[in-house]
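Visitor: Hi! Could you walk me through this one?
Guide: Happy to, let's bring it up.

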Amino acid sequence: MSTLFSSAELASLDLKESDLTTLNERTIVVTKWNWEYSLAHKFQRLALTKVQEGQGLRILICTSHPEVLTNGRGLQKPRKGEVLELVEFKPENYPNLPFPLHQIERGGGLTFHHPGQFIFYPIVKLNPQTLSLSHMMDQIFDFSIEVLKDWGVKDVHHEHKYLGLWKGERKLASMGIAIEKLVTFHGMALNMKYNKDMVSALRSLNPCGLNPETYISVEEMITLPENPLEKFREEFLKRIKHEWQ
């Protein structure tokens, strides 16, 4: 692990060696809370190259970001016979956005990040026999559901026509993935804490094409444990360690 990234590479991206740990012999976990988005994105690109070159290597990033908006390649496409009522975001119509906007490579439309989210970026090489994209996404959602259930948040699901993690008709998490040379990057953002500034900003926007009132946080449903992002990370990674050998 110590030779995978140079000290200069890490320092340039506001990382320290102590931010990197090993989950197993082939999996590195990077943990950095409230990480400036552009630096985290640059690290994803660097990690992407390392995983493309490394035999069986995985790099899993657990993070959160200061308030920021990101816009992907386009809204979710309907399946055959399906009708999706989504509002497209056009940046030119919003010259005075309250937070920085980044145009990025993942699928999906406009989304939002803030320090109270748990964000998981899996930099993982897919394999049609052992880990397809759909299987990986389902597992990330399922692991999240299991942790939330242990915390007392029940009936969370991802069986919805709109991609995401849902509690009834309220959306808890979004997922957007990009793939280059069979390696994934970008990932899931789970709304852990309530952020009044972000809620206020979203009133004039449609994250993922949806009404902003659709979104909810875990904090609005239960009393969060102490250090909820770190605790969720620990319990979430236990499940990955067991399943992703």
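Visitor: What order do the strands of the open sheet come in?
Guide: The order is 1-2-3-7-11-10-9-8, eight strands with mixed pairing. Strands (E, at least two residues) and helices (H or I, at least four) are DSSP runs, numbered from the N terminus. Two strands pair if DSSP finds at least two bridges between them.

Visitor: Which strands stand at the edges?
Guide: Strand 1 (20-24) and strand 8 (156-157) do; each has a single partner strand, so one side of each is left without a neighbour in the sheet.

Visitor: Before we go on, where does the model come from?
Guide: This is a predicted model: local features need pLDDT of at least 70, side-chain atom pairs count only at pLDDT 80 or more, and totals for chains, interfaces and linings use all residues. Residues are numbered from 1 along each chain as its sequence is written, and side-chain values use heavy atoms, with hydrogens and water left out.

Visitor: OK. How many bridges join strand 10 to strand 11?
Guide: Eight, and the two strands, residues 170-180 and 183-191, run antiparallel. In one of these pairings, E180 has V183 of strand 11 as its bridge partner.

Visitor: And which strands does helix 3 touch?
Guide: Helix 3 (residues 133-150) packs on the sheet against strand 7 (117-123), strand 8, strand 9 (165-167), strand 10 and strand 11. Contact here means heavy atoms within 4.5 Å. The helix direction makes about 150° with that of strand 10; axes are lines fitted to C-alpha atoms, for helices over the stretch in contact, and angles run from 0 to 180 degrees between N-to-C directions.

Visitor: What about helix 5?
Guide: Helix 5 (residues 228-243) also packs on the sheet, touching strands 1, 2 (27-32), 3 (58-63), 7 and 11, and its direction makes about 30° with that of strand 7.

Visitor: New topic: how many salt bridges are there?
Guide: A search of the whole structure finds nine, counting a side-chain nitrogen of Lys or Arg within 4 Å of a carboxyl oxygen of Asp or Glu. One of them joins R239 to E146, at 2.9 Å from N to O. R239 is in helix 5 and E146 in helix 3, 93 residues apart.

Visitor: Is R239 buried or exposed?
Guide: R239 counts as buried, because its relative accessibility is 18%; buried means under 20% relative accessible area, exposed over 50%, and partly exposed in between (1.4 Å probe, protein chains only).

Visitor: What is the distance from R239 to D150?
Guide: Their closest N and O atoms are 2.8 Å apart, in a salt bridge. D150 lies in helix 3, so this pair ties together parts 89 residues apart in sequence. D150 is exposed, at 54%.
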